[in-house]
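Dear colleague,

Please find below the structure that I am handing over to you. My notes on what was found in it follow directly after.

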Amino acid sequence: EHRIRSRLIRARTALCNEIRGLLGEFGIVIALGVSQVRQALPVLLENSDGKLNARFLQLLRELAEELREVDDRVKAHDQRIAAAVKSDERIQRLMAIEGFGPISASALVAAVGDATQFSSGRDMAAWLGLVPRQHSSGGKERLGHISKRGDTYLRTLLIHGARAALNACGNKLDRRSRWAQGLMLRRNRNIATVALANKNARIAWSILSKQEVYRGAMM
């Protein structure tokens, strides 16, 4: 289910980029993002200023219809995933973690089950590609960029979720939020996002492998 949804999203992104590229040839610039393309297409298809010829308008209508079809297919998968969330208490427990939604929680459960194949949360985070590479120099260890190994789809979901959680932690005073705020100040937002995704993966391992219930103090 998730793999097919992921493929559809990649295809949708490619389709939107193709539409943006074709419109660029007519001097029409659309901002990045699927939603931007969706909003622009109905206006362009009206062709009120006469910039687009009839042949190109027909092509644009076909591409707009193709985009609607892909959107409908993604929506259908989202509905099936939502049904799975209601029937699996593991997914529901993961969704209590800030940064986990129905898609990321159900995708992780689908991929790792109870996560007992990993001996620790760090092992699962490493499998996801969320553990920074370590470099030693002069007796000091330095953390580099995260590796690109692991499950790209899951890693992307966890990073997107962590970014959303960071955006929401601004004025919160709980331990987790203060830790994230401090990391953003000391390093930068991108590093803080990956660090929170890493932490979320470790917490998820504890919740799945030990059948725990998430508590905000779990760090």
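A contact here means heavy atoms within 4.5 Å. On that basis, residues 24 or more positions apart account for 55% of the contacts in the chain with a separation of 6 or more. Please bear in mind throughout that this is a predicted model.

Overall architecture and confidence

The chain contains nine helices and two strands, and along the sequence they follow the order α-α-α-α-α-α-β-β-α-α-α. Of its 219 residues, 42% count as buried. The accessible surface amounts to about 12500 Å², and 51% of that area belongs to carbon and sulfur atoms.

The mean pLDDT of the chain is 86, with 89% of the residues reaching 70 or more. Among the elements, helix H4 has the highest mean pLDDT, at 95, whereas strand S2 (residues 140-146) has the lowest, at 42. Over residues 134-148 the pLDDT is below 50, and in the model this stretch has 29 contacts beyond near neighbours in sequence.

The annotated segment

The UniProt record, an unreviewed entry, annotates residues 53-80 as "coiled-coil region". In the model, that span is 96% helix and 0% strand, and its end C-alpha atoms lie 41 Å apart.

Helix H5 and the residues that follow

Is helix H5 (residues 102-112) mostly covered or mostly open? Helix H5 is mostly covered, with eight of its 11 residues buried. The buried residues are Ile 103, Ser 104, Ala 105, Ser 106, Ala 107, Leu 108, Val 109 and Val 112. The cover over them includes H1, H3, helix H4 (89-94), helix H6 (121-127), helix H7 (152-168) and helix H9 (189-209).

Ala 115 has a positive phi of about 65° although it is not a glycine. Ala 115 is found in the loop between H5 and H6, and it is buried, with a relative accessible area of 0%.

Gln 211

Gln 211 also has a positive phi without being a glycine, with a value near 55°. This residue is placed in the segment after H9. Is Gln 211 buried or exposed? Its relative accessible area is 64%, so Gln 211 is exposed. Leaving aside residues up to four places away in sequence, Gln 211 touches Arg 93 and Ser 206. Gln 211 and Asp 114 are 97 residues apart in sequence, yet their C-alpha atoms are 8.2 Å apart in space.

Aromatic rings

A pair of aromatic rings is described by the distance of the centres and the angle of the planes. The structure holds two aromatic pairs. One of them is formed by Phe 26 and Phe 56, which are tilted, with 4.3 Å from centre to centre and 40° between the planes. Phe 26 lies in the loop between helix H1 (2-24) and helix H2 (34-46), and Phe 56 lies in helix H3 (residues 54-87), so this pair ties together parts that are 30 residues apart in sequence. Phe 26 counts as partly exposed because its relative accessibility is 32%, whereas Phe 56, at 8%, counts as buried.

The other pair consists of Phe 118 and Trp 127. Phe 118 is buried, at 12% relative accessibility, while Trp 127 is partly exposed, at 34%.

A further arrangement involves a charge and a ring. The charged end of Lys 199 sits over the ring of Trp 179, at 4.4 Å from the ring centre.

In summary, the findings I would draw to your attention are the mostly covered helix H5, the two aromatic pairs, and the stretch at residues 134-148, where the pLDDT is below 50.

With kind regards

Technical notes: Residues are numbered from 1 along each chain as its sequence is written. This is a predicted model: local features need pLDDT of at least 70, side-chain atom pairs count only at pLDDT 80 or more; totals for chains, interfaces and linings use all residues. Side-chain values use heavy atoms; hydrogens and water are left out. Rings of Phe, Tyr and Trp (its six-membered ring) pair if their centres lie within 6.5 Å; planes under 30 degrees apart count as stacked, over 60 as edge-to-face and the rest as tilted. Helices (H or I, at least four residues) and strands (E, at least two) are DSSP runs, numbered from the N terminus. Buried means under 20% relative accessible area, exposed over 50%, partly exposed in between (1.4 Å probe, protein chains only). A charge sits over a ring if NZ of Lys or CZ of Arg is within 6 Å of the ring centre and within 35 degrees of the ring normal. Accessible areas come from the Shrake-Rupley method with a 1.4 Å probe; for residues, only the protein chains shown count as cover. UniProt positions are given in the numbering used here, feature names are shortened, and annotations may be inferred rather than shown by experiment. pLDDT is the predictor's confidence in each residue, from 0 to 100.
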